[in-house]
Amino acid sequence: MFERFTERARQVVVLAQEEARTLKHDHVGPEHLLLGLLREQQGLAARVLGSLGITLEQVRGEVVRIVGVGNDPELAQIPFTPDAKRVLELSLRESLPLGHNYIGTEHLLLALVSLPDGPSARIFADLGVEPDAIRSATLQMLAPAEPARGRPVGVPQAGRVEELFRIGPGTAARRLLMVAGARALDDGRVLIETQDLLLALTRDPETGPLLAELGADEAAVMRALGRRPPPEAPPQAPADG
């Protein structure tokens, strides 16, 4: 997974560990990753947070208030909490629906705001910033700045579709995307293709039985896909996050 991280995303992890050491904490949690995102000022995530009025000083003060300052001696290796590991894992899953073959600071931020509770969620709540506002601002910065010429009024650019449509955590659609993404990774691909979504539908507890009744179970779909040539994946260029 770290092989997909951009240099700035890797630096965020390093800075998070530094923050944990400075605060004498015996762990690296999502709150430290948030501090790392803010310290990596050239990353897209820091720009998003700054646009919403979230500063490093504010968040560091909130971390001290909520978690406190530890009294543990400096450790050579500081373990990541399960929630911090979850953020790192979700960052990959956040990149897949966007069609990105890299993990930048923006994907770490999107993964971070998907956590329903914990110190980082409490910090956002105490600062009066909704997770949806952070997600929307992130997707807006990722989208092209200039509208396409000749596009009818009211019709969004392809890159701005995410501003109008969101897939909430825990929804069936997000579950299907996660299954489809996992299958793509198993095949050594970083883009979700139509056959991944089709197979995800056959494995879903809600749609799978219905498709099976229609004779389109996983085995039937695999046989049909075996008769079709695989699509070519277009090259992807990383953003500046």
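**Exercise 1.** Find which polar atom of the backbone lies 2.6 Å from the side chain of threonine 202, and describe the surroundings of threonine 202.

*Solution.* 
1. A polar atom of the threonine 202 side chain is 2.6 Å from the backbone oxygen of leucine 199. A polar contact is a pair of N or O atoms within 3.5 Å; within protein, one must be able to donate a hydrogen and the other to accept it, and residues adjacent in sequence count only if both atoms are side-chain atoms.
2. The model is predicted: local features need pLDDT of at least 70, side-chain atom pairs count only at pLDDT 80 or more, and totals for chains, interfaces and linings use all residues. Residues are numbered from 1 along each chain as its sequence is written, and side-chain values use heavy atoms, with hydrogens and water left out.
3. Helix H11, residues 194-203, contains threonine 202. Helices are DSSP runs (H or I, at least four residues), numbered from the N terminus.
4. The relative accessible area of threonine 202 is 12%, so the residue is buried (under 20% relative accessible area, 1.4 Å probe, protein chains only).
5. Beyond its neighbours within four places in sequence, threonine 202 touches Gly208, Leu211, Ala216, Asp217, Glu218 and Val221 (contact: heavy atoms within 4.5 Å).

**Exercise 2.** Determine how H3 packs against H6.

*Solution.* 
1. The axes are 6 Å apart and the angle is about 55°; axes are lines fitted to C-alpha atoms over the stretch in contact, and angles run from 0 to 180 degrees between N-to-C directions.
2. H3 is therefore oblique to H6, a class left over once angles under 35 degrees, over 145 and from 65 to 115 are assigned.
3. On the H3 side the residues are Leu44, Ala45, Val48 and Leu49; on the H6 side they are Thr105, Glu106 and Leu109.
4. Five of these residues are nonpolar, one is polar and one is charged.
5. Leu44, Ala45, Ala46, Val48 and Leu49 of H3 are buried, and their cover includes H2, H6, H7 and H8.
6. Just after H3, glycine 53 has a positive phi of about 80°.

**Exercise 3.** Identify the residues with the most contacts inside the largest nonpolar core.

*Solution.* 
1. This core has 40 residues; a nonpolar core is a set of buried Ala, Val, Leu, Ile, Met, Phe, Trp, Tyr and Cys residues joined through side-chain atoms within 4.5 Å.
2. Setting aside neighbours within four places in sequence, phenylalanine 124 contacts Leu34, Leu49, Ile54, Leu112, Val113, Val129 and Ile134.

How values were computed
Buried means under 20% relative accessible area, exposed over 50%, partly exposed in between (1.4 Å probe, protein chains only). Helices (H or I, at least four residues) and strands (E, at least two) are DSSP runs, numbered from the N terminus. Ala, Val, Leu, Ile, Met, Phe, Trp, Tyr, Cys and Pro count as nonpolar, Asp, Glu, Lys and Arg as charged, and the others, Gly among them, as polar.
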